[in-house]
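Have the viewer open while you read.

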Amino acid sequence: MQNKSIAELAADLRLRKYSSTELTRHYLDRIARLDPQLNSFITVDAEAALAAAARADEALARDQAGPLTGIPIAHKDIFCTKGVRTSCASRMLDDFVAPYDATVVERLGGAGAVMLGKTNMDEFAMGSSNETSYYGPVANPWDTSRVPGGSSGGSAAAVAARLCAAATGTDTGGSIRQPAALCGITGIKPTYGRCSRWGMIAFASSLDQAGVMARSAADAAFLLDEMAGFDERDSTSADVPVPDYVDALDNDISGLRIGLPKEFFGEGLDPRVGAAIEAAIREYEKLGAEIREISLPNSPLSVPVYYVVAPAECSSNLARFDGVRYGHRCADPADLEDLYTRSRAEGFGPEVQRRVMIGTYVLSAGYYDAYYLKAQKIRHLIADDFKRAFEEVDVIMGPTTPSTAFALGDKMDDPVAMYLNDIYTIATNLAGLPGMSIPVEPVAGMPVGLQLIGNYFDEARLLNVAHRYQHLTHWHQAAPAGFD
Ligand code: GLN
């Protein structure tokens, strides 16, 4: 069952080949049996999952099922879920139970999807390896000595190991695309504002975006159809009509203009990854696409710009976790200041503390102009590069990451080496554009991701372009050994 697509599962459920209760039990058994090797879930709520499955079975019996009715999925533990702990992988929120569902959770639940549990992640979504989690690192199912990527590493590992049919993720600088690439799955980060941020714990509000991690573009389209759309509770939510993503999957792509940014193929890229990406581009040529070299001259500045803007926003967003309004409170505080400082020192891990300090520094009087304002100006230049590029091409392609998954522990002592993992993904967030990663030919048994970047609100085209490749190739169907 776990190898079937969402369309196949939905058809089987409708034909009563098995019930959603049986399907849900199957995934819960897989999690119990296989997740000890991965640590991809922080919380599994079997009781709630089976209750949702029973409701789905009733809807199926009444012939009131939609494409997601009864399909077991998981949510990144950054999305608030009513009655089920939302930790954001931080000691700070270890016992936090939200009184409401995030919009994304509400919409998928409303469509009949069954939530199995909450997936592991980097603490407050800060990281590229899922090693900053308070609940311990996640292992990559393709090689459990390696990282799954981050910050949505739990969702990526769970989908790759078939512990759920699909999962949600969030992407502030690459956290959907990078773990999707390293775990051999399909991930889409929509345009900024396409999916509501309401109930999604904020990291860097001008960059955060919810999206889907699934095995294929077609599976992702089913979830995005439900998740996307205006939400009056999120002031940055976009009031732009949502097309039917599933309907667009099979569109012809002959004549598609694909741009390859020369900055994405230079120094720092593992040549074997580069060769796998070039092979994938040749498949697109066979499909009738036209390939052009383009330039995004300011994109090499994206990592330094991001590490000013994201920490600045995080230092302000995380101010609410002070042991009074939200979060862990230290024992026996001597006075108010001791309560604040010790609660925060105990509740936040080292990477979060580093970001809060950098953010506070770049926003402080005297440094604001030199760092924050400057970074915002360069951010505009980066967005302008894309604007020019999209006058010439329909989709931009390149590698998602410079290398395949690295060993657990490898980059934990070197934050800059860790930050450089997102060298190809961050510019997209700074510009607010949609991006995707799909698996192509592996290198030495480890997955490689092809990144697709689209123009604003062009998710339907990205999914279509990804689907056409997946129609032609089988890389997205490969499953890691040992997770049968
Ligand atoms: N790896 C980047 C960071 O550490 C991006 C994280 C994300 O997209 N949430 O900030």
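What follows walks along a helix and then turns to salt bridges. Keep in mind that this is a predicted model.

**Helix H8**

Let's start with the geometry. Helix H8 covers residues 271-286, which makes 16 residues, and at 1.5 Å a residue these should span 22 Å.

How does H8 begin? At its start, Asp 270 points a side-chain oxygen to within 2.8 Å of the backbone nitrogen of Arg 272. After the helix comes Gly 288, which has a positive phi, near 95 degrees.

Which residues of H8 are buried? They are Val 273, Gly 274, Ala 276, Ile 277, Ala 280, Ile 281, Glu 283 and Tyr 284. These buried residues pack against several strands, namely E7 (257-261), E8 (290-294), E9 (395-399), E10 (435-443) and E11 (446-454), and also against helix H15 (459-472).

**Salt bridges**

On to the charges. Side chains of opposite charge can pair when their charged atoms come close. In this model the count comes to 22 salt bridges.

| Pair | Closest N and O atoms |
|---|---|
| Lys 4 and Asp 12 | 2.7 Å |
| Asp 12 and Lys 17 | 3.5 Å |
| Glu 283 and Lys 286 | 3.3 Å |

Glu 283 and Lys 286 take us back to H8: both lie in that helix, three residues apart, or about one turn. How accessible is each partner? Glu 283 is among the buried residues of H8, whereas Lys 286 has a relative accessible area of 64% and is therefore exposed, the cut-off being over 50%.

Elsewhere, salt bridges with shared partners tie Arg 257, Asp 394, Asp 458 and Arg 461 into one network.

Now for Asp 12, which forms a salt bridge with Lys 4 and another with Lys 17. Is Asp 12 buried or exposed? Its relative accessibility is 5%, so Asp 12 counts as buried, the limit being under 20%.

Conventions: Residues numbered from 1 in each chain as written. Predicted model: local features only at pLDDT ≥ 70, side-chain atom pairs only at ≥ 80, totals over all residues. Heavy atoms only, no water. Helix = DSSP H or I, 4+ residues; strand = E, 2+ residues; numbered from the N terminus. Expected span 1.5 Å × (residues − 1). Buried < 20%, exposed > 50% of the residue type's maximum accessible area, 1.4 Å probe, protein only. Contact = heavy atoms within 4.5 Å. Polar contact = N/O pair within 3.5 Å; in protein donor to acceptor, adjacent residues only side chain to side chain. Salt bridge = Lys/Arg side-chain N within 4 Å of Asp/Glu carboxyl O.
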